[in-house]
There are 2 protein chains.
Amino acid sequence: MPTLADVGKVAGVSRGTVSNVFNHPELVRSDVRERVEAAARQLGYDGPDPRGRVLRDGKFNAIGLMPPGAYAIADMMRSPYLRELVLGVSLACDEAGVTLSLVNGMDESRTSTIRDALVDGFILGHSVDIDLVGSARRRRLPFVILESAGQDINSIRIDGRSGALIAVRHLTDLGHRNFAILSVRRTAGPPIVHMPGSRKHAITAGFALDYERLEGFATGLAEAQLSIDDVPIIETIPGDPTAGAVVFDRAPDATAILTMSDWQAISVLDEAVRRGISVPEHVSVVGFDGTAASARTTPPLTTVAHDIVGKGRLAAEMVLANASPKQIVMPVELVVRDSTAQPRG
Amino acid sequence: MPTLADVGKVAGVSRGTVSNVFNHPELVRSDVRERVEAAARQLGYDGPDPRGRVLRDGKFNAIGLMPPGAYAIADMMRSPYLRELVLGVSLACDEAGVTLSLVNGMDESRTSTIRDALVDGFILGHSVDIDLVGSARRRRLPFVILESAGQDINSIRIDGRSGALIAVRHLTDLGHRNFAILSVRRTAGPPIVHMPGSRKHAITAGFALDYERLEGFATGLAEAQLSIDDVPIIETIPGDPTAGAVVFDRAPDATAILTMSDWQAISVLDEAVRRGISVPEHVSVVGFDGTAASARTTPPLTTVAHDIVGKGRLAAEMVLANASPKQIVMPVELVVRDSTAQPRG
DNA sequence: GCGTCTTTTTGGAGCGTTCCAAGTTTTTTC
DNA sequence: GAAAAAACTTGGAACGCTCCAAAAAGACGC
């Protein structure tokens, strides 16, 4: 493969001039420029090799996005939530003319991914086991971590506690007394069921966000003289298609199902159709996230919404701006649609 | 920032040995390894800088995906079709441990994107105006182009002609005689309406796929003694939310609407709801692509389906394998659901 | 202990570019 | 037509790494 220097030799000019022909043509006299271009054509040289540029400039013009938890990059296309997050990130990347690299990071390999990715900054979804923040720090690149707090680092998270609280209040106001909670399992594996009595207070390890939401649920239930300890809690990975079935099997008496993502709520809705259970007549369902998908289900989903696209965009902008660390908490809001109603008689 | 050489100096060993500690630790005696690791810790050196590695190895361990037509990378999250395509690509990337770079390419900048992207190969969605193939060739990297033919290059396309044909046959078999066609506009801009009589034979520039499909429609109509020249043809960009409205406004007598993507068909379905037109009682609608979304609409969409995820996966595998050029044509199949029925009396 | 074989370590070469201060040529001005 | 100013070109330095052939060190057998 010809290089800048080869072209220069043929055209009888220096490397620097050839470089200028491609990058700053206005600095080169036109006859020289033409000679260089002719030489380049003759050698089949099509402009500076990005590899050399990267070393010299030290920049990749790309940011990396790593999915949270046990997700692979393919899951970012499947999850309604992640899809909107990626949309927001890509909007900012489009504007900044920067490439978006979807970097994989299943568990152990996450840290090596961080070490080796060809990016100028990261957006990290949080992981349970791994010291992502430490790895990211060591790489000395700007980064934002989502749904996780931390001093002196960029983070964006939602107010999960309030979100959970308003969801429960909405349902208790409607008169519900029998709940089930569909919580998130953050590691790969089958659903975990915690029935009342048969469990410790603490639930399987999750993200900070998950504990917060559980707390919010507990507070809301307590306000209605109910205890979360009497509520079945089922944990599934977000895309688990069996989530709905497990809920109906293990909590048949619930009149209200609280979930931690729209994706899970959709699974519940699908299973309800399969079993001839009608929503909201027999059972009320509340989603979480407020994805576009939640507005298009049958019935449209009541959900705890936040601006996912805006979150993704903001995350990308923070990475790109590389300013001093900020911790941002995004507000949530209950969007009431048709999947919740008073319990029957 | 410390470098390999700095670490070597502190540990009293050569650069090569430090490199081995990080990349081939089994080649280094353990006491030396520990000394090097200590030196690295002391200097805050966290492993070889990927910039140097890229220059030396000449590989990026990434493939680039460029969206077709006037799409930006954000649109890949919006379009049901592209979303599945990206899913397929990312599945193959996950398996190969390769990063997926979403590279932008609005029109003129596409070729420079190809020149500069930090990837080992490309998957290109076709573009109308630009000589993508030429640029990709010059970069001398393996690439696949989608929905576009070409000698001596990798390409994957669907059999659009047959797809269009079976869609029309399905509708004429049901007894439909009044059609409208919702075609694709491949450049940015508002809908273009071609009414019978007021148009030339040729339609606005599109992809090869679009012409093929128009041909297939024409053939199918001719089989039923109908002429495509009597059919209103409306061209919209795929995500245009007004597509449905334009169709109903300009082709109010149609009992059957042929589209070129599920996304457009969904827009028609939405507009039908808004106007109180019921599908399939008042009007039949056929989608194209066979996305997962098409199975979840109300009513579920009859559509010309192909294996989009498989296509994306295959494209990535071809790029990764870098074998001799293949031209692949994928079969299509009519999936009959509930959006088509006999026309009313 | 000495030669032989094996395991480790070394340091030069090269990957292709861009920057920049210094040098050279061309143009302008009087 | 010479001096000054402007325009253009040059080539060394640096970016940080990995490979590899050769050198050095260590292990082993007798």
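Predicted model: local features only at pLDDT ≥ 70, side-chain atom pairs only at ≥ 80, totals over all residues.
Local features need pLDDT of at least 70, side-chain atom pairs count only at pLDDT 80 or more, and totals for chains, interfaces and linings use all residues, while side-chain values use heavy atoms, with hydrogens and water left out. Residues are numbered from 1 along each chain as its sequence is written, and chains are lettered from A in the order in which they are written.

In the interface, 42 residues of chain B are in contact with 41 residues of chain A, contact meaning heavy atoms within 4.5 Å. The two chains bury about 3,800 Å² between them, 60% of it on carbon and sulfur atoms; this buried area is the accessible area (1.4 Å probe) that two parts lose on being put together, summed over both.

Six salt bridges are counted between chain B and chain A, each a side-chain nitrogen of Lys or Arg within 4 Å of a carboxyl oxygen of Asp or Glu. One of them joins R296(A) to D270(B), with the closest N and O atoms 3.4 Å apart. On the side of chain B that touches chain A, the elements giving two or more residues include α6 (80-96), β2 (99-102) and α12 (262-275), where helices (H or I, at least four residues) and strands (E, at least two) are DSSP runs numbered from the N terminus. The largest share, seven residues, comes from α6(B).

Strand β2 (residues 99-102) of chain A pairs with β2(B) in the antiparallel sense over three bridges, pairing requiring that DSSP finds at least two bridges between the strands. Here L100(A) stands opposite L102(B) in β2(B).
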